[in-house]
Amino acid sequence: MILVTGGAGFIGANFVLDWLALSEESLVNLDKLTYAGNRENLAALTDDPRHVFVHGDIGDSALTNRLLAQYQPRAIINFAAESHVDRSIHGPEDFIQTNIVGTFHLLESIRGYWSSLQGEARDGFRFLHVSTDEVYGSLAREEPAFSETHRYEPNSPYSASKAASDHLVRAYHHTYGLPVLTTNCSNNYGPYHFPEKLIPLMIVNALAGKPLPVYGDGQQIRDWLYVKDHCSAIRRVLEAGRPGETYNVGGWNEKPNLDIVRTVCTLLDELRPRADGKPYCEQIAYVTDRPGHDRRYAIDARKIERELGWKPAETFATGIRKTVQWYLDNQAWVGNVQSGAYRDWVEKNYGERQG
Ligand code: NAD
Ligand code: DAU
């Protein structure tokens, strides 16, 4: 079996659902269930004996040692992290604790477990660390996309904490020979995306008749990838990636934020027109920019395509349509995640921004 951490969050849950739809191999899912972790994402697996959910922290060595000894996974995929840049600006400590200290404790447990393995079990074992393109910093408009050899230049507490975790993972390979793989992916979107992030926030605010808050001039560029394509890339790297290597994952799909927001609005105009017949774009509101806001990310995904034959299946047009439709079809899920804690966050992040 395999062990996944953070499998109740956005990407992790999509990965777990896809894994169990595509393979017979069981999966242990270790998740702390922070505000971003949601067991409802995994509701389809309630009666599936191949899915073992464990509520716990990657930083709890006693727990991870016990899980490793009990389940003897052939591979571990680490999705667990604090993931939202704006939250890292308001309060970096949780990011240091989970993304750096938690990853360190997890690596130590895995090192102990892997050292005890022999023969094929030891040779075939893999630890795959899921990371981000944000570790590379910000690109100017004319600069080439991030390759795997681009220097690390993280700019937010979030990206700095992810960069630190990537370095630890690299060091455990270099020093101890641990068979690690690292993926650095661009912005994901799709089902189960928590509505603190740009695309789901715009969909739920639009439908609720609320302002669509665009930071600064809205011309920051992100490289968007449908989440299920990220999951297929991770499966491929796990299957055929070379230990010690990193693989950049992206959709060759750079777009300014304002274009993204306008696309969401246009799709909603078609799929769920406003009662007053006016376009959703009228709800766009420019607000104070994110401090230290990275201007542009872009992924050069040629290595994973060349070496492992991976390419995304969705275009942005197909992926964003599926995504908007998913939110329209899953209003109950949206309602459930918009708890009191969610409302507190919205007030904290947007209350002080000037319109
Ligand atoms: P998310 O915030 O939606 O989910 C994170 C999950 O990790 C949650 O289920 C949470 O409960 C769990 N978790 C947090 N701290 C934990 C801890 N200490 N122990 C165990 N579980 C813990 O995040 P996401 O968007 O799904 O991102 C998953 C991973 O992919 C992260 O490592 C992130 O850095 C990376 N990533 C995300 C994107 C993106 O666009 N969302 C892009 C590239 C890489
Ligand atoms: O690039 C990969 C990263 O993508 C991941 O590592 C992170 O975990 C993930 O959260 C995401 O980070 P971003 O900061 O790019 O995503 P976010 O959805 O928060 O913002 C996308 C862009 O939209 C960014 O330029 C900020 C802007 N934005 C965001 C919000 C929430 C707005 O203009 N208004 C908003 O309300």
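This is a predicted model: local features need pLDDT of at least 70, side-chain atom pairs count only at pLDDT 80 or more; totals for chains, interfaces and linings use all residues.
A polar contact is a pair of N or O atoms within 3.5 Å.

A polar side-chain atom of Y158 sits 2.7 Å from an oxygen atom of ligand 1, so the pair falls within the 3.5 Å limit for a polar contact. The backbone takes part as well: an N or O backbone atom of G9 is 2.9 Å from an oxygen atom of ligand 1, and one of F10 is 3.1 Å from an oxygen atom of this ligand. On its own, ligand 1 has 830 Å² of accessible area, and the protein covers 97% of it. Two or more residues of the shell come from each of α1 (10–22), β5 (126–132), α6 (157–176) and β7 (187–189), and β5 gives the most, with three residues. In total, 28 residues surround ligand 1, with I11, D31, S83, Y158 and K162 the closest. By type, the shell holds twelve nonpolar, twelve polar and four charged residues.

Now turn to ligand 2. A polar backbone atom of S83 lies 2.7 Å from an oxygen atom of ligand 2. Side chains reach ligand 2 too: a polar atom of N257 is 2.8 Å from one of the ligand's oxygen atoms, and a polar atom of R222 is 2.9 Å from an oxygen atom. The protein covers 95% of the 690 Å² of accessible area that ligand 2 has on its own.

How values were computed: Residues are numbered from 1 along each chain as its sequence is written. Chains are lettered from A and ligands numbered from 1 in the order in which they are written. Side-chain values use heavy atoms; hydrogens and water are left out. A polar contact is a pair of N or O atoms within 3.5 Å; within protein, one must be able to donate a hydrogen and the other to accept it, and residues adjacent in sequence count only if both atoms are side-chain atoms. Accessible areas come from the Shrake-Rupley method with a 1.4 Å probe; for residues, only the protein chains shown count as cover. A residue is near a molecule or strand if one of its heavy atoms lies within 4 Å of it. Helices (H or I, at least four residues) and strands (E, at least two) are DSSP runs, numbered from the N terminus. Ala, Val, Leu, Ile, Met, Phe, Trp, Tyr, Cys and Pro count as nonpolar, Asp, Glu, Lys and Arg as charged, and the others, Gly among them, as polar.
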